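Subject: Structure for you to look at

Hello,

Here is the structure I promised. Please open it first, then read my notes below.

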Amino acid sequence: MTLLTADQQAIRDLAREFADGEIAPRASDWDRNGAFDRDVLDKLAELGFLGMLVPERYGGLELDLPTYLVAFEELARGDAALALTLHIQNGPVPYVLMTHGTDEQKSRWLPELASGATIAGFALSEAGAGSDPASMTTTARRTDGGWTIAGAKKWVTNGGRADVMLVFARTGGVDSGRHSIGAFLVDTSAPGYRVGKRERTMGLRASETVEVELDDVQVAADRLVGDPARGLGYALEALDLGRLGIGAQAVGIASAALEHAIGYARERRQFGRPIAAFGAIRSKLAVMATRIAAARALVMDGARAWETREALDADAVPVTARSAMAKLMASETAGLVTEEAVRIFGGYGFMREYPVEKLMRDAKATEIYEGTSEILRLVIGRSLTA
Ligand SMILES: Cc1cc2nc3c(=O)[nH]c(=O)nc-3n(C[C@H](O)[C@H](O)[C@H](O)COP(=O)(O)OP(=O)(O)OC[C@H]3O[C@@H](n4cnc5c(N)ncnc54)[C@H](O)[C@@H]3O)c2cc1C
């Protein structure tokens with residue numbers, strides 16, 4: 001167990017209580033119905049859980065990253081699909097605004113995100129541009145009053161639910177190897193913004209994953225965030241932060257699976273004894289708990305490195321590699337732990353009335369979004385050999 005400060009324990013307890021009372025009991029229904037209830041977002045907003053990293057002056061909780069991730073892991077333990085919405089609302093979108101937005105943009109958008117008045121999405125991927133977002137074809141052309149955005153985005157989380165979408169679009173050519181890509185805050189009610197097909201997904205079924213079409217959407221000049229040519233860099237920075245969030249989400253999924261597996265192993269009797277008495281089952285539980293502890297420690301290590309990134313000395317492992325290591329370890333741990341949990345449940349593990357098959361389906365997504373495991377290995381390997 002990672003040692004927590006008093007503040008971290010307090011926020012963990014609050015998040016755990018909320019997850020146990022308001023999220024976990026409804027997660028299976030949400031999974032079956034393909035949506036979580038809006039009221040849960042309102043309750044999360046009241047607790048400040050929609051603006052955990054946002055500065056207090058903009059209505060947020062202003063948590064440091066390790067403390068945020070302690071709370072976020074607990075919420076993901078309740079339901080990973082809801083957690084994905086919370087992740088985008090708390091992580092990549094406010095990060096880009098806080099770091100690269102103007103004072104006016106921060107004053108306008110951050111309080112709306114933190115209060116839940118505005119739900120956000122992050123639209124980077126395209127049908128032909130996933131691991132390689134620099135190959136995107138969505139364009140933003142300058143007009144008199146701002147920009148016209150044309151193209152299509154793929155697998156956009158919150159795509160149908162969001163009020164504002166942070167859309168990445170090509171604003172020019174390639175200059176000295178750098179792709180000219182901008183980041184734009186696009187109203188989802190704008191003419192030409194269309195939510196397309198909703199994907200039928202293996203897991204995270206309560207999360208909306210949709211296509212978004214941008215048919216000459218007009219955006220005002222004040223919707224561009226930062227430099228029109230540096231948006232891809234902002235997205236990649238946001239991924240360093242985001243991968244730690246997905247790492248915490250994966251640890252939350254794995255922790256839920258371990259708890260269910262321990263509970264079941266204590267109760268289920270075969271050969272006249274609880275199956276928890278068998279060495280083979282205990283050995284599985286031991287490996288599951290050890291992998292979770294290791295993954296959580298790597299996520300926290302990455303978060304602490306993120307907080308002190310400017311002060312890291314030249315020999316330190318760069319934050320980008322640490323965050324990739326944390327997500328790689330945590331997502332593959334979630335895969336292993338949820339599969340073992342299904343095995344421990346035996347035949348019941350395969351049945352939808354029991355919680356572990358959902359956790360196994362949900363875990364799979366953490367190995368894909370915000371960098372597949374192959375891409376994370378590339379990132380880590382590059383930092384070792386650069
Ligand atoms: C549930 C879900 C939600 C998502 N939400 C969002 C969202 O909100 N916003 C958003 O922008 N995107 C989102 N995505 C998209 C996600 O980020 C991409 O799916 C992911 O980056 C991988 O891209 P791809 O699917 O195009 O796979 P590809 O890039 O086509 O990769 C296919 C395979 O090739 C491998 N591969 C690719 N390049 C290399 C290489 N150089 N070396 C070795 N192997 C390689 C990959 O690892 C993978 O195994 C979401 C995806 C899912 C599943």
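**Around the ligand**

The shell around the ligand is made of 11 nonpolar, seven polar and two charged residues. Here Ala, Val, Leu, Ile, Met, Phe, Trp, Tyr, Cys and Pro count as nonpolar, Asp, Glu, Lys and Arg as charged, and the others, Gly among them, as polar.

This is a predicted model: local features need pLDDT of at least 70, side-chain atom pairs count only at pLDDT 80 or more, and totals for chains, interfaces and linings use all residues. Residues are numbered from 1 along each chain as its sequence is written.

In total, 20 residues surround the ligand (C-beta atom, placed from the backbone, within 6 Å of it). The closest are Gly-130, Ser-131, Thr-157, Thr-372 and Glu-374. Two or more residues each come from β1 (120-123), β3 (146-157) and α11 (373-385). Helices (H or I, at least four residues) and strands (E, at least two) are DSSP runs, numbered from the N terminus.

**Domains**

The chain is assigned domain 1 (6-115), domain 2 (120-229) and domain 3 (233-385). These bounds come from an automatic or database domain assignment. Where does the ligand lie? Domain 2 and domain 3 both give residues to its shell, so the ligand lies between them.

The C-alpha centres of domain 1 and domain 2 are 23 Å apart. Their contact takes 23 residues from domain 1 and 15 residues from domain 2 (C-beta atoms, placed from the backbone, within 7 Å). On the domain 1 side, α4 gives the most, with seven residues. That side has 14 nonpolar, six polar and three charged residues.

Best wishes

Conventions. Contact = placed C-beta atoms within 7 Å.
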